[in-house]
Amino acid sequence: MSTAQALQKDKLYTNARIKSYPSKTVVQVSNRPLFPVDQGKPPPPCNTPPHEPPPSNDADRSEPPDRESNPRAPAKDPARAKAESKRRARASVTDIALLNPFTYFFTWTLNGNLIDRYDAETVSRKLQTFLSNATQRKGFQYVLIPEYHKRKKGEDRPALHMHGLCNLGAVQIERALSENGRGLTDDEGRPIYNVLDWKWGFSTCVPLDGEYDRAIHYVTKYITKAKDKIFGKWYFSSRGLKKKPDIIPLEPIPYDEFRDAEKLQTHQQFESEIYSGVKIISEKNPPLAPIKSTE
């Protein structure tokens, strides 16, 4: 971190950057010049050799959302395109959660007597209405990932449910009780609550403890597990949240020199292959110090 240098503006792409969050910074170094210096430019296509300059296409953005307003031509490699879409979605959920500290993890299920819990279109309409009312009237903030249950015996298709992180605002919860009236807790001893505003089925709501990064990882794994988008998206989030961290492009850093076996073992660094042969190492560091006013 101490050797990182802010990038001179004469370059279009670099292999290193800092992503700044309130609780930490993340230094990312790739084995190729992947990160646009101008955040309005797209990343280079994954089949471009590292020594060739990436083509420019100002119609795209550096990190496109998981759902585009204009349909694209079919991908040459659908499996890789889906994997990249899911990677971007996981990164976006992680950014949202780190930029907007949430206080609860929730799960909402659906009661088959109240709603067709197998029909995505029906569930989507009811869910969007609920979320709109909760956010606008009660200040509910969320990032939510829909998921299919495992198909049960006798079912011709799986039922839907939702997981997410939230700040309740004025949404009401009450302690979940066992049949003998004792307060329920999860496997880690945290109290379990029910969300009274959720009327379409059963709900649980658990306060987040100090392992916030673990909670984020737990939520994003539902995107990893998903076979396809549900309701047309990998995830949903409320309006008004900050969704993109401040990004500081850095002068190129040699990948092999940045890679530290000890830091990888202690999970200060994480290495991932985002395309075939294209890797990124992410290293956690303390948050950036605020800039002092000179006045």
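**Salt bridges and ring pairs, by definition**

Colleague: Which residues are linked in a network of salt bridges?

Modeller: Asp-186, Glu-188, Arg-190, Asp-209 and Arg-214 form that network. The model is predicted, with local features needing pLDDT of at least 70, side-chain atom pairs counted only at pLDDT 80 or more, and totals for chains, interfaces and linings using all residues. Residues are numbered from 1 along each chain as its sequence is written, and side-chain values use heavy atoms, leaving out hydrogens and water.

Colleague: What makes Arg-190 and Asp-186 a salt bridge?

Modeller: A salt bridge needs a side-chain nitrogen of Lys or Arg within 4 Å of a carboxyl oxygen of Asp or Glu. The closest N and O atoms of Arg-190 and Asp-186 are 2.8 Å apart. So the pair counts as a salt bridge.

Colleague: Why is Asp-186 called buried?

Modeller: Buried means under 20% relative accessible area, exposed means over 50%, and partly exposed lies in between (1.4 Å probe, protein chains only). Asp-186 has 17%, so it counts as buried. Arg-190 has 21%, so Arg-190 counts as partly exposed.

Colleague: How do you know that Asp-209 forms a salt bridge with Arg-190?

Modeller: Their closest N and O atoms are 3.5 Å apart. Asp-209 lies in the loop between β10 (203-207) and α3, and Arg-190 in the loop between β8 and β9, so the pair ties together parts 19 residues apart in sequence. Helices (H or I, at least four residues) and strands (E, at least two) are DSSP runs, numbered from the N terminus.

Colleague: What is the distance between Glu-188 and Arg-214 in their salt bridge?

Modeller: Their closest N and O atoms are 2.9 Å apart. Glu-188 sits in the loop between β8 (173-175) and β9 (193-195), and Arg-214 in helix α3 (residues 212-225), 26 residues apart.

Colleague: Now the rings. How many aromatic pairs are there?

Modeller: The count is 10. Rings of Phe, Tyr and Trp (its six-membered ring) pair if their centres lie within 6.5 Å; planes under 30 degrees apart are stacked, over 60 edge-to-face, the rest tilted.

Colleague: Why is the pair of Phe-106 and Phe-140 called tilted?

Modeller: The centres are 6.2 Å apart, with 55° between the planes.

Colleague: What makes Lys-233 lie over the face of Phe-236?

Modeller: The rule asks for NZ of Lys or CZ of Arg within 6 Å of the ring centre and within 35 degrees of the ring normal. Lys-233 lies over the face of Phe-236 at 5.6 Å from the ring centre.
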